[in-house]
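Here is a report on how the parts of a protein model meet. Look at the model first, then read on.

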Protein chains: 2
Amino acid sequence: MGICIQNAHLLYDDRKVRKNVYIEGNEIAAVGNAPEGFRADTVIDASHRTLMPGLINAHTHVYMSLFRNFADDVPFQTWLFERILPIEDELTAEQCYWGDMLNFAEMIRTGTTAFLDQQMFTKSCVMAARDAGIRPVISRGLVGSVRTEEGVVRRWREALETMEYARETGSNATFMVSAHAIYTCSEDVLRFTLDVAREKGLPITTHLSETKKEFDDCMKEHGMTPVRYLHELGLLDHEITIAHCVWLAEEDYKLLARPNVHVVTNPASNAKLANGFAPVARMLREGIDVALGTDGAASDNTQNMFTAMHLLSLMQKGVEQDSVVLGAKETLKIATENGARAAGFGDTAGRIEPGAKADLILVDETAPNMLPNFDIASALVYSATGTEVTDSVIDGKIVMRNRELLTIDEERLRFEIEKITDSF
Amino acid sequence: MGICIQNAHLLYDDRKVRKNVYIEGNEIAAVGNAPEGFRADTVIDASHRTLMPGLINAHTHVYMSLFRNFADDVPFQTWLFERILPIEDELTAEQCYWGDMLNFAEMIRTGTTAFLDQQMFTKSCVMAARDAGIRPVISRGLVGSVRTEEGVVRRWREALETMEYARETGSNATFMVSAHAIYTCSEDVLRFTLDVAREKGLPITTHLSETKKEFDDCMKEHGMTPVRYLHELGLLDHEITIAHCVWLAEEDYKLLARPNVHVVTNPASNAKLANGFAPVARMLREGIDVALGTDGAASDNTQNMFTAMHLLSLMQKGVEQDSVVLGAKETLKIATENGARAAGFGDTAGRIEPGAKADLILVDETAPNMLPNFDIASALVYSATGTEVTDSVIDGKIVMRNRELLTIDEERLRFEIEKITDSF
């Protein structure tokens, strides 16, 4: 199957330059001239639109879309222990499927083509992602004790079963091993995580240094920063994607600045939960690889990566009192190329070039908020709402065409969501 | 002419409660039961939508939409003196008309029904606002010397001519007297502003304490803060709307906390130009009346007030490290009721009640990013992109219906904008 996207204005190209992009199977086959013997089953006319790599949401919990707008403007402890955990404890695999699907409808509509997730019901996520046609990177959060059935034993067994299920069903899902956080995992669990990640050849993902309390507690308990603690346990020597890093000490920057370590910043969640602003501009100056995420919809009520880019850039300019930091082009790279590295795709995604994954979106350049067309990177980061995305190709398949989702029945989705949330 | 909006979920009401709202002429006639003898020329079915007061953008420069995405990620001095001013100096009244119109297309699409503007070509703005059907509050920025033709003389004459033009043409425009800023206006000009504002019975508007440089220079030159300086000149005893107030000293809070003083915060512009975060939560605690604006599109590349609400709330929670401040309902009031006071409408706008101006919008509750419908205030502030607005009634007239602008030809608009900006 071949797709030809004609007459497209490619991100980073001058706006007057228009090119054709050719997709064969699930990869970009060529940019410019058709590859030999190419036959287009589908031709998309991209006039007046920008073709860009799909955005990569490098940290979220997709099922949490079920909890959106359920518990806002309350203190963190109330939010977590009185509001979120009681309903989360009761969730079923089927409910999570629909929560995942709600998330995917929003992500696809707003230009996200792949995401890195931490889940409870990983098999539901594989199924929902397959049905929606989005590209998932899935991890099952490990917590508790390595020895008990109610701790890591059951969770790791589920993770292995899901990987097997994905393999058997030809899913495009890939996997990571997740240690939830240093305050929910014992040292044992963290060591177990590293062992199985090495054994399976999988990257690790975790939350780290999200709150001041976590930072202070770690200093008290272990006599070192959370970053150094992970380092001492050997986790920073493995391929690892770390969410948050809001609270960092001077020495932490050097420990994080290595090619196998990827930090994912979540500006909306960190601000909304009152954890503050991660030192992203500083991390970038120190050579740390930073990607971008939304976090789950219980703390960042939108899964819109355009909104996340806007917030990231503006917050950093405000915090640093420097209008030059986190410019539009740099912010776009964080949400695409850097996201690809954080999600474990290396340099095979987040870019438009032959051999890269065919995860691409088209963005309308004619909406009033996108005019005048002086600088498309600026327009995408500073002016777009995310709803300017008209078409989405993921894994070589068209999942949205002219703003119509081809893979999700939104009316059915609404019905299912209402049924589930009425029971909360 | 009567409009009945049927079966609407009113903002702040429980989501299960649905009411009818009746509009006669340019006012809300009744909420609930039809007023005696009411005849509907138009009935709008508002099922699955929220009816809310239109948002009020309390500080912008509408013509600056022509400069959107023209000069980003550069230092402030480069931005202003090398990029913006050279093209601004060459602008014509007709170009500004189209710049205004571009702004109005975006504002109407994203739920803004009224705005407070500082303009160079005020007559163009009256004409464009009339054609677009939006409600303008217009001021001509005064700068320079009160005695010279090239200073205040010409500018004030133009302002008076525009007020006369608006009166003659039955425009719904209202006016303020604008002193641009303390660093562009001599003491003479500031006194002149107060004199003519008193004489004409008009409120004053100005920029104040936007940058640290302005604050420091004022301390050096006048031996007092910018706020105290305005106070000493008597301007804080008049009805006044003040944009920015990012840099405040302890004593300033008390001086600003009076019913005739309205502060307009512009979170995107302040962050993007690296001026920082205004102490909005603190101002509210001190009893200061705070409204919300976008500023012009050269510094805040979107004129979308939903985006501005989102930024305001998240930035304040992040800065204060308190997840409770600037909650969704409070943020919505800032963008509606407080905006009405800042724009000089008092309590006659920004609310849905009999006698209030018929400036109303409908917002789709069924978009994936708005689900589940647990809390519409949260959804509007934390989840909405602004493009969920489907209908807009301004001054009793329908200007957008099912996302179609009835007053603006967007294809023509695009053509004119391209023609103008190609000449820059």
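Chain A of this predicted model falls into two domains. Domain 1 covers 2-53 + 354-405, and domain 2 covers 55-342. These bounds come from an automatic or database domain assignment. The centres of the two domains, taken over C-alpha atoms, are 28 Å apart.

Some ground rules apply. Residues are numbered from 1 along each chain as its sequence is written, and chains are lettered from A in the order in which they are written.

**Between the domains of chain A**

The size of an interface is often given as the accessible area lost when the parts come together. Here, buried area is the accessible area (1.4 Å probe) that two parts lose on being put together, summed over both. Domain 1 and domain 2 of chain A bury about 2200 Å² between them. Of this area, 65% is on carbon and sulfur atoms. Which residues of domain 1 of chain A lose the most area to domain 2 of chain A? They are Tyr12(A), Val381(A) and Tyr382(A), together 29% of what that side buries.

Two salt bridges cross this interface. A salt bridge is a side-chain nitrogen of Lys or Arg within 4 Å of a carboxyl oxygen of Asp or Glu. Asp395(A) forms a salt bridge with Arg135(A).

On the side of domain 1 of chain A that touches domain 2 of chain A, α13(A) gives the most, with five residues. Helices (H or I, at least four residues) are DSSP runs, numbered from the N terminus.

**Between the chains**

Chain B can be laid on chain A by a turn of 180 degrees and a shift of 0.0 Å along the axis, with an RMSD of 0.0 Å. The superposition is by least squares on the C-alpha atoms of residues with pLDDT of at least 70 in both. The two copies are therefore related as by a two-fold rotation axis. In chain B, the C-alpha nearest the axis belongs to Thr385(B), at 2.8 Å.

In all, 63 residues of chain B are in contact with 63 residues of chain A. Contact means heavy atoms within 4.5 Å. The chains bury about 4900 Å² between them, 63% of it on carbon and sulfur atoms. Four salt bridges join chain B and chain A. There are also 21 residue pairs in polar contact between them. α11(B) supplies eight residues, the largest share of the side of chain B that touches chain A.

| Pair | N to O distance |
|---|---|
| Arg15(B) and Glu418(A) | 3.9 Å |
| Asp395(A) and Arg135(A) | 3.0 Å |
| Arg228(A) and Glu251(A) | 2.8 Å |

Over all chains, the count comes to 65 salt bridges. Why does the pair Arg228(A) and Glu251(A) tie together parts that are apart in sequence? Arg228(A) lies in helix α7 (residues 226-232) and Glu251(A) in helix α8 (residues 250-256) of chain A, so the pair links parts that are 23 residues apart in sequence.

Methods:
Predicted model: local features only at pLDDT ≥ 70, side-chain atom pairs only at ≥ 80, totals over all residues. Heavy atoms only, no water. Polar contact = N/O pair within 3.5 Å; in protein donor to acceptor, adjacent residues only side chain to side chain. Helix = DSSP H or I, 4+ residues; strand = E, 2+ residues; numbered from the N terminus.
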